[in-house]
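Hi everyone, thanks for coming. I'd like to walk you through one model today, so let's get it up on the screen.

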Amino acid sequence: MDKILKTKVDAIRNDFIRSLPKRVDKILDLSNRLLEKSWDTLTARDLLYEIHNLRGFSGSHGLVMINSLASNTEKLIESLRSNNRNLNQEEKSRLQNYI
């Protein structure tokens with residue numbers, strides 16, 4: 001990889017890392033809404049979107065642990081979305097553990 005391209009890729013990676021606290025706050029907010037209130041398909045969709053983006057960016061930038069956790073969380077949310085109902089206690093616990 002030439003120096004200019006590497007510099008640009010490093011800058012994008014660093015921007016992503018700096019954005020992590022804000023991304024995590026948003027994910028926590030959305031997941032708390034699902035855990036504390038009745039099931040809301042729009043909130044679930046937004047949470048899935050945020051997790052999907054986190055997975056994509058972390059995978060692209062070699063952040064393996066974040067990518068793995070986001071992937072598992074994404075799969076869980078997708079399965080919960082297909083039920084389209086309030087979460088039972090076991091599902092809430094699983095979501096809390098993943099988040």
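**Helix packing and a pocket**

Let me start with a crossing: α3 and α4 cross in a left-handed way, where left-handed means that the near helix is turned anticlockwise from the far one by less than a right angle, and clockwise would be right-handed. Before I go on, the ground rules: this is a predicted model, where local features need pLDDT of at least 70 and side-chain atom pairs count only at pLDDT 80 or more, while totals for chains, interfaces and linings use all residues. Residues are numbered from 1 along each chain as its sequence is written, and side-chain values use heavy atoms, with hydrogens and water left out.

Back to that pair. Helix α4 covers residues 89-98, and α3 packs with α4 at an angle of about 155°, their axes 10 Å apart; axes are lines fitted to C-alpha atoms, for helices over the stretch in contact, and angles run from 0 to 180 degrees between N-to-C directions. That makes α3 roughly antiparallel to α4, a label for angles over 145 degrees. On the α3 side, the contact (heavy atoms within 4.5 Å) includes Leu-76, Ile-77 and Leu-80, and α4 brings Glu-91, Arg-94, Leu-95 and Tyr-98.

Now the whole protein. There are four helices and zero strands, counted as DSSP runs numbered from the N terminus, with H or I for at least four residues making a helix and E for at least two making a strand. The C-alpha atoms fill a box of roughly 50 × 20 × 20 Å along the principal axes.

How do α1 and α2 pack? Their angle is about 155°, with the axes 9 Å apart. That makes α1 roughly antiparallel to α2, and their crossing is left-handed. Among the residues in this contact are Phe-16, Leu-20 and Ile-27 of α1, with Ile-51, Leu-54 and Phe-57 of α2.

Last stop, the largest pocket. A pocket here is an open set of points on a 1 Å grid where a 1.4 Å probe fits, with protein on both sides within 12 Å along at least five of seven lines; lining residues have an atom within 4 Å of a point. Its lining includes Leu-20, Ile-27, Ile-51, Leu-54, Thr-73 and Tyr-98. The elements giving two or more residues to that lining are α1 (3-36), α2 (41-60) and α3 (64-83).

Thanks, and I'm happy to go back to any of these views.

Note on methods: Angles under 35 degrees count as roughly parallel, over 145 as roughly antiparallel, 65 to 115 as roughly perpendicular and the rest as oblique.
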